[in-house]
Amino acid sequence: LVVLGSLAAILVALAISAWPALEKFGPAFFFTNVWNPVKSEFGGLAPIYGTLVTSLIALAIGVPVSFGIAIFLTEMCPPVLKRPLGTAVELLAAIPSIIYGMWGLFIFAPWFADHIQPGLTASLGKLPVVGALFQGAPSGIGLITAGIILSVMVIPFIASVIRDVFDVVPPVLK
C-alpha cells in the first residue's frame, strides 16, 4: 500500500507541476513538433517519440540478452563462476548513466558510424516501416544508437531481476 500510495503521490505531483503547461498549450503539446522559445511555442512530439522508440529498441535487445544471462547464471554456469559472474553483472548496474552516455557518445557512436551503420543503411534503409531508423548519413548518432546504448544500460537490471526469479522457482517446475 505504501508503494501504491507513493506512486499515486508522484502522479499527483507530476500532474500539478505539468498543469500550467497543459493549460497554456493544451493537448496539442503532445502532437506538435515545434520548439521555439522566442515565440513561446513548445511541442513535445520529438522527445516523446524518441523516448518511445529508443525504449522499444532497448527492450527488444535487452530482454533476450538478459534472459540468456540469467539462464546461464542459474542453470549452466559452473558453480565456481556463478558468484563472481553474478556479482559482475550486478556491479554493471552500479555504473552511473552519465558514464554510459559518455561512452556511447565518444566511443560507441563513432565506431558504430564507421563499421555498422553503413551496412545497416544499405540493407535495412529501404524497408517500409523500420527503414526510417536506418536512413541518412552514418553519423553514429541517432535512435538506433541510443537504443543500443540504452539496452547496454538496462541489461544488468533486467538480468538481475530475471536471475532472482529463476532462483526462487522450484526445481520441479523448471
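Modeller: Accessible areas here come from the Shrake-Rupley method with a 1.4 Å probe. On that basis the chain exposes about 11700 Å². Carbon and sulfur atoms supply 77% of that area. The model is predicted.

Start with the fold. The chain has six helices and two strands. Their order from the N terminus is α-β-β-α-α-α-α-α. The radius of gyration is 21 Å, well over the 16 Å that the globule rule gives for 174 residues, so the chain is more spread out than a compact globule. Its C-alpha atoms fill a box of roughly 65 × 50 × 30 Å along the principal axes. Buried residues make up 24% of the 174.

Now the rings. A pair of aromatic rings is described by the distance of the centres and the angle of the planes. The whole structure holds eight aromatic pairs. One of them is F25 with F42. Their ring centres lie 5.6 Å apart and their planes stand at 80°. Planes over 60 degrees apart count as edge-to-face, so this pair is edge-to-face.

Where do F25 and F42 lie? F25 is in helix α1 (residues 2-25), and F42 is in strand β2 (residues 41-42). The pair therefore ties together parts that are 17 residues apart in sequence.

F25 has 22% relative accessibility and counts as partly exposed. F42 is partly exposed too, with a relative accessible area of 22%. Buried would need under 20%.

The pair also belongs to a cluster. Ring pairs link F25 and F42 with F29, F30 and W35.

Definitions and conventions
Residues numbered from 1 in each chain as written. Predicted model: local features only at pLDDT ≥ 70, side-chain atom pairs only at ≥ 80, totals over all residues. Heavy atoms only, no water. Helix = DSSP H or I, 4+ residues; strand = E, 2+ residues; numbered from the N terminus. Rg over C-alpha atoms; globule rule 2.2 N^0.38 Å. Buried < 20%, exposed > 50% of the residue type's maximum accessible area, 1.4 Å probe, protein only. Phe/Tyr/Trp six-rings, centres within 6.5 Å; stacked < 30°, edge-to-face > 60°.
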